[in-house]
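Q: I am new to this structure. Can you walk me through how to read it, feature by feature?

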Amino acid sequence: MALTQDAVLAGLKEIVEEVAGIPAASIEMGKNFTTDLDVDSLSMVEVVVAAEERFGVKIPDDKVTELATVGDAVNFIVSASA
Amino acid sequence: MKSLEGSNSRIVSVGAYRPARAVPNSEIIDRIESTDEWIRQRTGIESRNFARPDESVIDMALAAAKIAVERSKLSIEQIDTVIVATITYPFQTPSAATALVAALGNPQAAAFDISAACAGFCYGVGMAHDFIKSGTSQNVLVIGVEKLSDFTNPDDRATSFIFADGAGAVVISASKEVGISPTVWGSDAQSRDAIVMEPSWIELRGEIDGDKWPDIKQQGQTVFRWASFAMSKAAKRILEKAGVSASELAAFIPHQANIRIIETMAKEIELPDSVIIADDIRTSGNTSAASIPLAMDALLTKHPEAGGGLALLIGYGAGLVYAGQVVQLPPAWNS
């Protein structure tokens, strides 16, 4: 069953807070991982691996660079879970 | 046909050679428009050592090997096998190992090189153990040595601050006790492109210039993911195969590729705080095959009390390939 956008966003907020130490409250759909949240390329890999485990989806390496915003990641995970 | 009776083995000594010239991040950053802080944050590296232009792979290997042999209390004639792990010896043949045994004054020893990049040292340790176990060898010298400054593009923003030079060596001898666990090894050759040194020598025929020189290139995110997560699983398999729990370890000495990979692995393996984690990457950079013996030497220098304790070793790199084992550390020479 496909995950809802709200459920994925909530889970992703927890992951980003845990991996990169960014308060969940400041993580929104429109925020850019690099320029707004200061998540560097290696932390992004940790976020992706944690998200794969949590949501049971595969996020290939070549997709990771395309996930610029929190919304990009949420939408990718939602469609990958469908 | 006869079969020989082999025995267990252990690392009896370690030796290291670091080139004299320390190169801080400040010397690297201008060509790649980076900062000291950026490099430290991504890799943990503060400084690394580069060999002199006239200082060769063999010079560095010889220096480390002499220290290891001296600390082993063996004579050079008693070393019957020499394995050199390197990807930067600039001759196809004869091998670096034969140059080394000639320079050591023992030109009769079995000698060969292995190409397993940053996993090379652990491949060598595994082979040394198996040679002794099968009765083929008695005393094996395993050396990891690299002069990566010859094969790194100083303008490459993905690699120029990572790689460095140095040599580390161990002597592995027959022993009554189990001092080296069975090796866990393998590859993920579908990711051969993740770390490469190219172009090939054939492509260079007749047209060597700066742009064509083979240098090392790396896909950082792909390698980070594989190293941090797949290698943590491999590390757990090593412990399981050795029958050793994480709490029994005195030290964790992984390939020194990046402090963040090391920290992620330590977390994934759930190492208790009592385990000393090698962090030679901070001042030595990534010296590929040389990094584990260099880190072992640094760790025993700083923590002589870890001598004789158990250490988890794991090497991983271009191929992608990996190997690792639990070893009993040699006694510290300074305790």
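Q: At what angle do α7(B) and α8(B) pack, and how far apart are their axes?

A: Start with the general idea. Two packed helices are described by the angle between their axes and the distance between the axes. Now the case here, in a predicted model. α7(B) and α8(B) pack at an angle of about 35°. Their axes are 9 Å apart. The crossing of this pair, α7(B) and α8(B), is right-handed.

Q: Which residues of α7(B) and α8(B) meet?

A: From α7(B) come B:F224, B:A227, B:S228, B:F229, B:M231, B:S232, B:A235 and B:K236. They meet B:I261, B:T264, B:M265, B:E268 and B:I269 of α8(B). Sorted by class, the contact of α7(B) with α8(B) has eight nonpolar, three polar and two charged residues.

Q: How do the axes of α3 and α4 of chain B cross?

A: Helix α3 of chain B spans residues 57–72, and helix α4 of chain B spans residues 96–104. Their axes come within 10 Å and cross at roughly 55°. That angle makes α3(B) oblique to α4(B). The crossing of α3(B) and α4(B) is right-handed.

Q: Which residues make the contact of α3(B) with α4(B), and of what class are they?

A: α3(B) brings B:V57, B:I58, B:A61, B:L62 and B:A65. α4(B) brings B:A96, B:A99, B:L100, B:A103 and B:L104. By class, this contact of α3(B) with α4(B) counts 10 nonpolar residues, no polar and no charged ones.

Q: How many residues of chain B are in contact with chain A?

A: A general point opens this one. The size of an interface is often given as the accessible area lost when the parts come together. Here we count residues in contact instead. Nine residues of chain B are in contact with eight residues of chain A. On the chain B side, α7 (220–242) and α8 (259–269) each supply at least two residues. α7(B) gives the most, with six residues. The chain B side that touches chain A divides into two nonpolar, four polar and three charged residues.

Q: Which domains does the assignment give for chain B, and how far apart are their C-alpha centres?

A: The domain assignment gives domain 1 (8–175) and domain 2 (184–328) of chain B. The C-alpha centres of domain 1 and domain 2 of chain B lie 14 Å apart. The contact takes 45 residues from domain 1 of chain B and 46 residues from domain 2 of chain B.

Q: Which elements supply the domain 1 side?

A: In chain B, β1 (8–17), β3 (47–50), α5 (120–133), β6 (139–147) and β7 (165–175) each supply at least two residues of the side of domain 1 that touches domain 2. By class, that side of domain 1 of chain B has 24 nonpolar, 14 polar and seven charged residues.

Q: What does UniProt list for residues 6–81 of chain A?

A: An unreviewed UniProt entry lists "domain: Carrier" there. Over residues 6–81 of chain A, the chain is 59% helix and 0% strand. The end C-alpha atoms of that stretch are 14 Å apart.

Q: Which residues of chain B does the UniProt C-terminal annotation cover?

A: The annotation "domain: Beta-ketoacyl-[acyl-carrier-protein] synthase III C-terminal", from an unreviewed UniProt entry, covers residues 239–328 of chain B. Over residues 239–328, chain B is 34% helix and 27% strand.

Technical notes. Residues numbered from 1 in each chain as written. Chains lettered and ligands numbered in written order. Predicted model: local features only at pLDDT ≥ 70, side-chain atom pairs only at ≥ 80, totals over all residues. Axes fitted to C-alpha atoms, helices over the stretch in contact; angles between N-to-C directions. Helix = DSSP H or I, 4+ residues; strand = E, 2+ residues; numbered from the N terminus. Parallel < 35°, antiparallel > 145°, perpendicular 65-115°, else oblique. Left-handed = near helix turned anticlockwise from the far one by under 90°. Contact = placed C-beta atoms within 7 Å. Nonpolar A, V, L, I, M, F, W, Y, C, P; charged D, E, K, R; others polar. UniProt positions renumbered as here; feature names shortened; annotations may be inferred. Domains from an automatic or database assignment.
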